Amino acid sequence: MTAVHAEQLVDGYISRLELELLDIGPDRRREIIDDIRSHIAEERGTHEHETDADLLNLLDRLGDPAEIAAAARDGQSTWGQTAPAGRAGLVEVLALILTPIVWPAGVVLLWLSPAWTTRQKLLGTLVWPGGYPGLFILLPLTLMVGSHRGGCATAFDDQGRVIWTTCPPEWQQTVAAIATVIVVLIVLVLPVAVGIYLATRLRNRATS
């Protein structure tokens with residue numbers, strides 16, 4: 001069984017690659033494209049019941065067309081050098097550990113490693129807003145905003161006596177409290193979720 005959108009996915013990938021290779025000699029360009037077409041066909045032949053997800057994973061393992069073109073411009077002998085097997089070396093392990101803890105160092109290692117695609121590196125960079133150290137800034141601000149929106153307001157006269165006190169409706173305070181909890185949970189969970197995703201992509205490349 002062939003993936004429902006197989007033709008569109010493959011043609012779209014090849015079209016992007018052809019655009020990235022426009023400044024490369026025609027013979028070399030055709031060689032790279034033919035090699036990749038052959039590899040795609042070979043890999044697809046191993047799936048008895050191919051799905052769109054299988055094909056997307058295959059194209060992801062091949063690497064971003066822009067990276068393949070960049071490697072060709074640098075004179076690398078084969079396109080496969082742009083998407084090496086993602087073995088979990090020291091750089092990859094440290095990138096996964098340090099990105100949520102020591103964000104700048106982790107992001108640098110993430111970009112130095114060839115094990116992830118550009119899209120995956122961007123995800124790891126942008127979703128971690130400073131990593132867990134950023135919580136020391138973000139969480140107090142979130143709690144302050146939530147407290148301000150859900151708290152009561154009190155006015156005093158010149159002698160410090162209370163003139164009036166007004167509080168928002170109970171439902172509004174409840175909504176503010178729930179929103180604060182949701183934001184806190186998202187900030188706590190996102191680094192873990194992205195770390196799991198990057199580790200999974202690394203493992204998939206190593207076994208492909």
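Helices (H or I, at least four residues) and strands (E, at least two) are DSSP runs, numbered from the N terminus. This is a predicted model, so to speak of local features takes a pLDDT of at least 70, and side-chain atom pairs count only at pLDDT 80 or more, while totals for chains, interfaces and linings use all residues. Residues are numbered from 1 along each chain as its sequence is written, and side-chain values use heavy atoms, with hydrogens and water left out.

View 1. Starting at the N terminus, the elements go α-α-α-α-α-α-α-α-β-β-α. Of the 208 residues, 32% count as buried (under 20% relative accessible area; exposed is over 50%, partly exposed in between, with a 1.4 Å probe and protein chains only). Take the contacts (heavy atoms within 4.5 Å) with a separation of 6 or more: 60% of them join residues 24 or more positions apart.

**View 2. Zoom in on helix α1 (residues 6-20) and helix α3 (residues 52-62).** Their axes come within 10 Å and cross at roughly 10 degrees (axes are lines fitted to C-alpha atoms, for helices over the stretch in contact, with angles from 0 to 180 degrees between N-to-C directions). That makes α1 roughly parallel to α3 (angles under 35 degrees). On the α1 side, Ala-6, Leu-9, Val-10 and Tyr-13 meet Asp-52, Leu-55, Leu-56, Leu-59 and Leu-62 of α3. Sorted by type, the residues of this contact are eight nonpolar, no polar and one charged (Ala, Val, Leu, Ile, Met, Phe, Trp, Tyr, Cys and Pro are nonpolar, Asp, Glu, Lys and Arg charged, the others, Gly among them, polar).

**View 3. Now stay with α3 and look at its buried residues.** They are Leu-55, Leu-58, Leu-59, Asp-60 and Leu-62. After α3 comes Gly-63, with a positive phi near 110 degrees.

**View 4. Thr-125 sits in helix α7 (residues 118-127).** Thr-125 counts as buried, at 16% relative accessibility. Beyond its neighbours within four places in sequence, Thr-125 touches Trp-103, Val-107, Leu-110 and Trp-111. Its side chain also makes a polar contact with the side chain of Trp-111, at 2.8 Å (a pair of N or O atoms within 3.5 Å; within protein, one must be able to donate a hydrogen and the other to accept it, and residues adjacent in sequence count only if both atoms are side-chain atoms).

**View 5. Last stop: Gly-195, in helix α9 (residues 170-207).** Gly-195 is buried, with a relative accessible area of 17%. Gly-195 and Ala-95 are 100 residues apart in sequence, yet 9.5 Å apart in space, C-alpha to C-alpha.

Key
Parallel < 35°, antiparallel > 145°, perpendicular 65-115°, else oblique.
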